[in-house]
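Reader: Hi! Could you walk me through this model in plain words?

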Amino acid sequence: MVQAYLGLGSNIGDREQQLQEAIKIIDSIDGVTVTQISPIYETAPVGYTEQPNFLNLCLEIETELQPKVLLKHCLETEQRLHRVRDIRWGPRTLDVDILLYGDKVIEEDDLEVPHPRMGERAFVLIPLNDIASTQIEPRSNTRISDLVKPDDTVKKYKG
């Protein structure tokens with residue numbers, strides 16, 4: 001079993017419901033068990049900014065799946081919740097990213113782990129820190145808690 005971390009985000013439709021449904025889907029995948037769920041945060045969009053705010057959270061999972069198989073299931077989860085990819089960083093019902101997969105560094109055309117922009121994104125690091133503060137980011141060999149910077153655009157979601 002490998003401990004891995006996923007980042008989830010949603011900014012169209014019933015954002016909170018879609019995140020909750022995604023957690024159920026991910027937890028039902030053979031070879032995957034959700035072991036921790038961060039609080040939900042509301043965040044402004046990054047990149048393409050002419051869109052609604054996101055709800056973001058992170059999951060800790062235990063998995064027997066290899067990284068590419070886990071990625072396939074993440075993409076299938078997005079599709080089950082009607083993800084459409086038409087604008088880079090655009091609005092979406094659901095986004096599921098593999099942030100960390102054990103202590104592995106993976107650099108392939110369709111999969112980079114740790115997530116390549118994780119360190120730049122408070123909306124990832126803040127919820128990740130809630131459930132994985134002592135985890136080591138293997139590229140920088142730095143604890144997650146040491147990567148987090150305060151960011152007033154990332155606010156705990158009140159529901």
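**Strands, core and salt bridges**

Author: Happy to. G7 has C58 in β4 as its bridge partner. This is a predicted model, in which local features need pLDDT of at least 70 and side-chain atom pairs count only at pLDDT 80 or more, while totals for chains, interfaces and linings use all residues. Residues are numbered from 1 along each chain as its sequence is written, and side-chain values use heavy atoms, with hydrogens and water left out.

Reader: Thanks! How many bridges pair β1 and β4, and in which sense?

Author: β1 and β4 pair over 9 bridges in the antiparallel sense. Two strands count as paired if DSSP finds at least two bridges between them. Helices (H or I, at least four residues) and strands (E, at least two) are DSSP runs, numbered from the N terminus.

Reader: And how many bridges are there between β1 and β5?

Author: β1 and β5 pair over 6 bridges, in the antiparallel sense. Y5 stands opposite L100 in β5.

Reader: How many residues of β1 are buried?

Author: 7 of its 9 residues are buried, so β1 is largely enclosed by the rest of the structure. Buried means under 20% relative accessible area, exposed over 50%, and partly exposed in between (1.4 Å probe, protein chains only).

Reader: Nice. Which residues touch the most other members of the largest nonpolar core?

Author: In that core of 28 residues, they are L6, L8, I26, L59, I61, L70 and I98. At least two core residues each come from β1 (2–10), α1 (15–27), β2 (32–37), β4 (54–63), α2 (67–80), β5 (95–101) and β7 (111–113). The largest share, 5 residues, is supplied by α1. A nonpolar core here is a set of buried Ala, Val, Leu, Ile, Met, Phe, Trp, Tyr and Cys residues joined through side-chain atoms within 4.5 Å.

Reader: What does I26 touch?

Author: Leaving out residues up to four places away in sequence, I26 touches L6, L8, V32, V34, L59, I61, T77 and V96. Contact means heavy atoms within 4.5 Å. Apart from this core lies another, of 17 residues, with M118, L128, I131 and A132 among them.

Reader: Switching to α2: which of its residues are buried?

Author: P67, L70, L71, H73, C74, T77 and E78 are buried in α2. Seen down the axis of α2, its buried residues fall within an arc of 165 degrees, so they line one face of the helix. That arc is taken from the directions from the helix axis to the C-beta atoms.

Reader: What about the other side of α2?

Author: There, Q79 and R80 are exposed.

Reader: Now the charges. How many salt bridges are found in the whole structure?

Author: The search finds 7. A salt bridge is a side-chain nitrogen of Lys or Arg within 4 Å of a carboxyl oxygen of Asp or Glu. In one of them, the side chains of E42 and R15 meet at 3.0 Å, N to O. That pair links distant parts of the chain, with E42 in strand β3 (residues 41–43) and R15 in helix α1, 27 residues apart.

Reader: Is R15 buried or exposed?

Author: R15 is buried, with a relative accessible area of 18%, and E42 is partly exposed at 26%.

Reader: Where are E107 and R139?

Author: E107 is in strand β6 (residues 106–108), and R139 is in the loop between β8 (136–137) and β9 (142–143), 32 residues apart. Their side chains meet in a salt bridge at 3.3 Å, N to O. E107 counts as exposed at 60% relative accessibility.

Reader: Which residues form a network of salt bridges?

Author: K68, E108 and D110 are linked that way.
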